[in-house]
Amino acid sequence: MVASAEKNNNGSDTTRKGSRGNWRNYAVTIVGLAVICGAATVVGQYSRASEATTVEAPSGAVGTSDDTKLDLPVKPTVPVTLTVYEDPRSPESRAFAQQYASTLSQLLASGQVEINYRLVTGSDRQYGGTGAQEAAEAAACAQDQGRFPQFMDQLWQHQPDPKTDGLKDRKLLKQIAKKAGKIEHDTFDLCLDRNQRQGWVKKSQETYAASGLGPVPIVQLNGHTLADPATQLTPKKLTALVTKEARQVAAAAPASPAPSATPTP
C-alpha cells in the first residue's frame with residue numbers, strides 16, 4: 001500500500017512538471033507570435049509611409065528626361081501640346097473645364113493637339129484642409145486605369161463647395177470613381193487608401209509653386225503661357241491659336257524625302 005501510494009505521488013509530480021513545461025512552451029510561443037505580429041505591423045506601416053512619400057508617377061504620365069513625370073496626357077501623338085494646370089478643389093478650374101470641354105474635345109478629334117493636364121493643390125492653402133490633395137491623388141489613381149478624363153468630368157459635376165473641404169472624404173471620391181465607369185474599384189481603392197500617389201501630387205504642387213505661373217487655370221501652348229482663360233481667352237481664340245500653331249509646326253517640319261524610283265528591269 002505504501003509503495004503504491006509513493007508510486008501515485010511520483011506520478012502526480014511528473015504530471016505537474018509536464019504541465020508546467022507545456023505552459024512554458026505555450027508562453028514562449030505566444031510571445032514569439034506577438035513579436036512577429038508586432039514586426040509585421042511596423043513593416044506594414046513603414047511600407048505605407050514609404051508609398052506616401054515616394055514620387056511614383058501614375059501610368060502614362062510624361063515629362064522631360066531630367067524632370068519628374070508630372071503631366072497626364074490625353075492623346076499624346078502630335079507636336080502641338082496644350083498644358084492645362086487645374087486644381088480639383090478650385091471653382092475657377094471647374095468653370096474652365098466646363099466652359100472649354102467641347103472645344104478641347106473638338107481639338108483632340110481634329111488631331112491637331114495633345115493635352116497634358118497638370119494637377120495642383122494650391123486651394124488647400126487658400127481654404128485650409130486637404131481636399132485638393134486627396135482629389136488629385138484619386139485622379140492619378142484613375143489615370144493608372146486610363147480613366148483620368150472620365151474621373152475629372154465626374155469630379156467637376158460633383159465638386160463640393162471648396163470652403164467645406166468635402167473632397168477630403170474618400171468615400172465621396174470612391175463614389176465619383178464609380179460614376180466615371182470602367183474603373184476596377186479594388187485596385188482604385190487600394191491605390192487611394194495606401195496613398196500611392198501622394199508623393200507625386202506633392203511634387204507636382206511644389207514644381208508649380210516654384211514656377212511663379214500664378215493662379216489656375218493656366219493654359220500653355222507648346223510651353224507658352226496663354227492669356228487668362230477667365231478674362232482674356234475664349235474657346236474661339238483658343239481654337240484659332242492652336243490651328244495657327246499647328247500650321248507653323250507643320251511648315252517648319254522637314255519635308256519627307258521623295259520615294260526613290262524603282263529601277264526598270
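Q: Which exposed residues sit on the face of α10 turned away from its buried side?
A: K236, K244, R247 and A251. Exposed means over 50% relative accessible area, buried under 20%, partly exposed in between (1.4 Å probe, protein chains only). Helices are DSSP runs of H or I, at least four residues, and strands are runs of E, at least two, numbered from the N terminus.

Q: What kind of model is this?
A: A predicted one: local features need pLDDT of at least 70, side-chain atom pairs count only at pLDDT 80 or more, and totals for chains, interfaces and linings use all residues. Residues are numbered from 1 along each chain as its sequence is written, and side-chain values use heavy atoms, leaving out hydrogens and water.

Q: Which residues of α10 are buried?
A: P235, L238, V242, E245 and A246.

Q: What does V242 touch, not counting residues up to four places away in sequence?
A: V80, L82, L107, Q112, V113 and L221. Contact means heavy atoms within 4.5 Å.

Q: New topic. Where is K163?
A: In the loop between α6 (148-157) and α7 (170-180).

Q: Buried or exposed?
A: K163 counts as exposed, because its relative accessibility is 67%.

Q: How far apart are K163 and G131 in space?
A: 9.9 Å, C-alpha to C-alpha. In sequence, K163 and G131 are 32 residues apart.
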